[in-house]
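Student: I would like to learn how to read the place where two chains meet. Could you take me through one example, with the general idea before each case?

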There are 2 protein chains.
Amino acid sequence: MRAAEMIELWRGDRRESLHLGHAVICDSAGVVEAWGSPGEVIFPRSSCKMIQALPLVESGAADAAGLSDRQLALACASHNGAHIHVEAVDRWLTALDLQETDLRCGCHMPKDTEENRRLTCSDQKPDQRHNNCSGKHAGFLTLNRHLGGGPEYVEPDHPVQKAAKAAFEEVTGEDSPGYGIDGCSAPNHACSLTGLASAMAAFASSGGDRRGQAMRRLTDAMRAHPEMVAGEGRACTSLMRAMRGKVAVKTGAEGVFVAILPEQGLGIALKAQDGASRASEAAIVALLLHLQVLDRDDPVVSTYLTGPIRNWRGIVTGEMRTAPGFPG
Amino acid sequence: MRAAEMIELWRGDRRESLHLGHAVICDSAGVVEAWGSPGEVIFPRSSCKMIQALPLVESGAADAAGLSDRQLALACASHNGAHIHVEAVDRWLTALDLQETDLRCGCHMPKDTEENRRLTCSDQKPDQRHNNCSGKHAGFLTLNRHLGGGPEYVEPDHPVQKAAKAAFEEVTGEDSPGYGIDGCSAPNHACSLTGLASAMAAFASSGGDRRGQAMRRLTDAMRAHPEMVAGEGRACTSLMRAMRGKVAVKTGAEGVFVAILPEQGLGIALKAQDGASRASEAAIVALLLHLQVLDRDDPVVSTYLTGPIRNWRGIVTGEMRTAPGFPG
């Protein structure tokens with residue numbers, strides 16, 4: 001099936017650009033509603049970090065290391081590299097008696113304005129703690145300590161990644177058709193959007209068994225610490241705050257977004273076909289409005305979906321809209 | 001007609017994202033080759049700056065003000081706001097006995113790394129000279145001096161904008177169905193992709209009349225001063241350098257790219273439906289390869305189209321490709 005028209009950008013009285021994509025809402029029984037092709041196979045990228053963190057909790061490694069919910073939220077994060085994130089990763093590594101050089105995520109400049117400015121203006125380079133995935137990697141290292149694996153924990157056949165893959169295939173209910181190497185060097189396993197939305201529905205309606213408890217704990221950690229999951233000015237943080245902790249949301253590179261709705265027992269997964277974040281952010285807002293878990297008057301709605309587009313002199317030049325046939 | 005599949009992003013052995021779009025190649029007689037819908041009506045955005053600059057040259061205003069080819073290239077530019085651009089606009093305004101406050105383009109931080117860093121680290125704000133369109137606006141002010149219009153030269157019914165609209169409709173061969181307000185506050189008139197590609201073909205095969213001379217002069221100015229049209233690290237500058245001044249190219253916001261090929265008498269216009277620059281940059285490279293005006297071994301080809309995608313540790317995670325059915 002073809003991708004659905006999801007998000008439009010208008011300038012004056014004319015549609016200027018259009019984002020296509022696929023979106024699925026699942027409950028524990030399967031697909032509830034879908035747009036585009038629910039069977040579309042995608043790389044979830046960072047949207048599946050709470051799945052990759054399941055072995056950390058289920059194995060007992062998180063408890064053995066005395067991890068807090070704030071650290072578990074950071075393990076599920078694509079963070080801004082702000083001071084709070086870098087410091088938290090630094091303390092985490094220190095507690096494990098490890099160093100920044102034990103990370104395998106690579107370096108990039110932080111998105112956080114202040115930290116970016118601090119590095120830029122003091123001629124410093126970022127280190128691996130600034131990588132948006134450093135919390136996930138601190139989680140990998142914690143699991144690795146527990147499993148006793150070697151230092152190259154991002155290799156696909158390393159015990160840490162084998163555990164992550166097993167959890168991923170179990171919660172998506174699919175044999176992954178393959179993996180790609182993610183921006184942070186960890187394997188990222190492909191699945192269908194329905195598989196990913198089903199996994200999010202499982203997180204939303206988790207039971208009392210070991211897996212259910214781990215799912216609940218990670219979901220609660222994300223909802224309780226939205227600032228650790230992304231950072232100031234980022235969609236994940238702003239949306240979780242706007243929904244007052246009722247819903248957990250997570251973005252992934254190349255236009256992926258997921259949501260876990262515990263009160264409704266629902267999971268959402270979507271991908272903008274072209275990989276644009278502005279489209280996936282607008283589309284998740286549209287679906288959260290559709291499911292009535294986000295207040296239409298909340299400022300995040302105009303920030304990411306309906307708000308006017310202004311130019312450099314503040315003049316309104318157009319607006320974003322959901323395409324006909326897509327909710328919101 | 002539907003948009004064509006143009007550019008794919010692959011991760012591992014799987015297509016991760018896909019950009020659709022429309023592209024047209026015209027000669028002076030009309031459409032030579034097209035992908036997607038050549039009749040698609042778009043906003044050309046900054047890709048039509050050489051058209052907007054026609055009245056500046058044709059009216060005699062450019063000569064009256066003694067403008068150099070370097071300044072004419074800047075009038076057609078979406079520049080980086082680097083020192084060379086800001087200084088050139090500053091001198092231009094001074095020569096007109098005008099000030100930065102006479103511009104109506106608004107302020108934004110420059111893309112140029114050094115100038116951005118200088119402003120950031122000295123706690124300075126950008127001014128309107130940094131706006132990527134400030135050269136176009138200096139051109140508007142020069143024409144305005146010649147025409148004797150009022151200071152609000154970006155109003156749609158101001159003589160400067162009436163002249164720009166008349167030139168636009170004449171060279172596209174279409175009555176524009178409407179306009180939007182551009183990022184820099186000037187009206188941006190809509191046209192079909194075929195209209196835009198035809199206009200570029202007219203620039204490519206310009207005759208000896210007043211319009212033809214103006215077209216040739218602007219095309220030559222862009223080709224002779226690629227660093228003024230965009231800046232270091234930008235696609236327009238890199239591509240014109242790679243083609244050793246044989247072809248003029250210009251990008252526009254929301255995924256537009258055009259090219260003027262004087263030796264072939266051809267014009268190209270394309271738009272990525274989703275507005276992504278990475279798609280329009282890759283697609284124009286693909287079409288320039290298709291027309292054999294760009295060397296397949298030139299580094300710009302791997303930079304913008306075929307090159308491997310690497311992650312934060314330098315590991316190759318995938319690649320960009322042209323979609324089956326799109327050339328390159």
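This is a predicted model: local features need pLDDT of at least 70, side-chain atom pairs count only at pLDDT 80 or more; totals for chains, interfaces and linings use all residues.

Student: In which strand of chain A is the place of I181(A)?

Tutor: Strands are DSSP runs (E, at least two residues) and helices likewise (H or I, at least four), numbered from the N terminus; I181(A) lies in strand β5 of chain A, residues 179–181.

Student: How many residues of chain B are in contact with chain A, and what area is buried between the two chains?

Tutor: In chain B, 43 residues are in contact with 43 residues of chain A. Buried area is the accessible area (1.4 Å probe) that two parts lose on being put together, summed over both, and here it is about 3,800 Å², with carbon and sulfur atoms giving 49%. Of the area that chain B buries against chain A, R14(B), W312(B) and R313(B) supply 18%, more than any other three residues.

Student: How many salt bridges are counted between chain B and chain A?

Tutor: A salt bridge is a side-chain nitrogen of Lys or Arg within 4 Å of a carboxyl oxygen of Asp or Glu; the count between these chains is 6. The side chains of E16(A) and R45(B) meet in a salt bridge, with 3.0 Å from N to O.

Student: Which element gives the most to the side of chain B that touches chain A?

Tutor: That is β2(B), with 6 residues.

Student: How are the two copies related?

Tutor: In general, two copies of a chain are related by a rotation about an axis and a shift along it. Superposed by least squares on the C-alpha atoms of residues with pLDDT of at least 70 in both, chain B can be laid on chain A with an RMSD of 0.0 Å by a turn of 180° and a shift of 0.0 Å along the axis. The two copies are therefore related as by a two-fold rotation axis. In chain B, the C-alpha nearest the axis belongs to C121(B), 2.7 Å from it.

Terms used. Residues are numbered from 1 along each chain as its sequence is written. Chains are lettered from A and ligands numbered from 1 in the order in which they are written. Side-chain values use heavy atoms; hydrogens and water are left out. Contact means heavy atoms within 4.5 Å.
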